[in-house]
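Have the structure open as you read.

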Amino acid sequence: MKNKLFYGLFVVYVVMVVFILYINGVFTGNVASLSNLLINGAFLALIGCLFLISAASFLQLNHLTDDLQRVGAALQAEYKEGGNKNLWAALQDRKDVFEDENLRVAFGKYRMRVRGSRVGKRYANVCDIEEYLNEDLLDRVGSSYFNSGISGTMTGLGILGTFIGLSLGLGSFSGDDIYTISDNVGPLLSGMKVAFHTSVYGIIFSLLFNYVYRSIMADAYGKLNLFLDIFKQCAMPPVGSGDENTATMLVYQANTANYMKQLLELAKGEAKDQVRALEHMADQFVEQLQAVMGAELKGVGNALQDAAQAQETSTESSKQVLDAARALVESGRSMQEAMDQMLKRQERFAKELEEQKELIASSCEEISRDVSSQLYTFEQMRDLV
């Protein structure tokens with residue numbers, strides 16, 4: 001019943017409104033001071049608005065805690081019917097465990113977090129459900145940031161009404177002798193009446209609201225703690241033992257080492273292919289050089305022989321010698337161009353080989369960092385266990 005105490009606020013509020021209207025002569029038709037009535041009406045209207053805002057947050061909080069209570073009772077009954085068997089397997093894929101939207105979102109985040117730490121049929125390093133279903137959630141739904149200041153606001157309104165009433169009374173008070181002063185006592189008392197009334201119901205509402213607010217929040221915290229105890233007993237995700245976690249980490253490290261070995265073998269195989277390609281290019285260059293040099297030198301020899309014979313017979317031999325020299329120059333130029341092309345190919349190949357080397361080194365460094373990170377994580381988990 002504590003979560004329904006805020007209904008009593010409206011009962012007291014209605015009684016106070018009727019009382020203020022009565023003492024101001026509204027029901028009898030004898031309104032002594034219109035300003036007094038207007039000031040009290042404005043203050044009571046403001047207090048009523050604050051109560052309505054608080055009631056909306058209390059209703060939302062009650063819906064949440066009632067849902068916690070309902071789910072807790074259902075889990076406890078299902079746990080007993082199932083022979084004290086853990087219920088997480090039935091809850092982990094259910095999205096309709098809670099009806100309240102805030103609880104549904106928070107529990108969904110918890111399920112996603114737990115699912116990420118699953119190892120086989122168990123879970124490693126399971127987070128506590130209190131990280132998602134906690135008092136901060138209740139404070140947010142119950143608008144504690146707003147309701148915690150209502151009590152002080154009521155007191156402040158009472159003090160403000162006091163000063164306003166005194167100001168009105170003293171503002172209408174004047175006189176220099178006993179006769180004129182006695183004529184102005186009525187307005188002064190009317191202003192003091194405003195001050196007295198606002199102070200009284202401001203303090204009453206402040207004390208009453210503070211009691212109601214604290215009772216409702218205490219009831220909500222109690223229901224949350226009860227649900228958490230039931231959940232930990234009946235549906236807490238099963239945590240794997242230290243040996244299971246260690247075995248899982250060893251398997252992961254073995255897979256990582258195997259992957260690294262395959263990558264190194266692949267890099268090694270690519271290096272061998274590149275070396276074979278380089279050797280093939282070198283052989284082709286040598287063969288081409290021999291072919292060019294052999295054919296050209298042979299032509300030079302024939303040309304020289306013909307020139308020698310031509311010198312003995314006619315002046316045509318000089319022309320043949322010049323042709324032979326020209327052929328030799330052309331062969332040298334061809335050989336030079338072939339060597340330049342071969343050198344350019346070697347430079348391109350050397351550049352590509354260097355890029356492959358850098359890529360392999362970068363891959364090995366990334367793998368090393370990954371392995372180091374996994375080893376560090378394993379050490380942390382082993383320390384936790």
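The buried residues of α1 are F6, L9, Y13, M16 and I20, where buried means under 20% relative accessible area, exposed over 50% and partly exposed in between (1.4 Å probe, protein chains only). They sit on the same side of α1, because they cover an arc of only 70° around the axis, going by the directions from the helix axis to the C-beta atoms. The model is predicted: local features need pLDDT of at least 70, side-chain atom pairs count only at pLDDT 80 or more, and totals for chains, interfaces and linings use all residues. Residues are numbered from 1 along each chain as its sequence is written, and side-chain values use heavy atoms, with hydrogens and water left out.

**Helix α1**
- On the other side of α1, you'll find V11, V15 and Y22 exposed.
- An α-helix has 3.6 residues a turn, so residues three or four places apart point the same way.
- Helices here are DSSP runs (H or I, at least four residues), numbered from the N terminus.
- After α1 comes G25, with a positive phi near 80°.

**V18**
- V18 lies in helix α1 and is partly exposed, at 41% relative accessible area.

**K95**
- K95 is in the loop between α3 (88-91) and α4 (101-115), and it's exposed, with a relative accessible area of 65%.
- Leaving aside neighbours within four places in sequence, K95 is in contact with R104 and R111 (heavy atoms within 4.5 Å).
- K95 and R111 are 16 residues apart in sequence, yet 9.5 Å apart in space, C-alpha to C-alpha.

Definitions and conventions:
Helix = DSSP H or I, 4+ residues; strand = E, 2+ residues; numbered from the N terminus.
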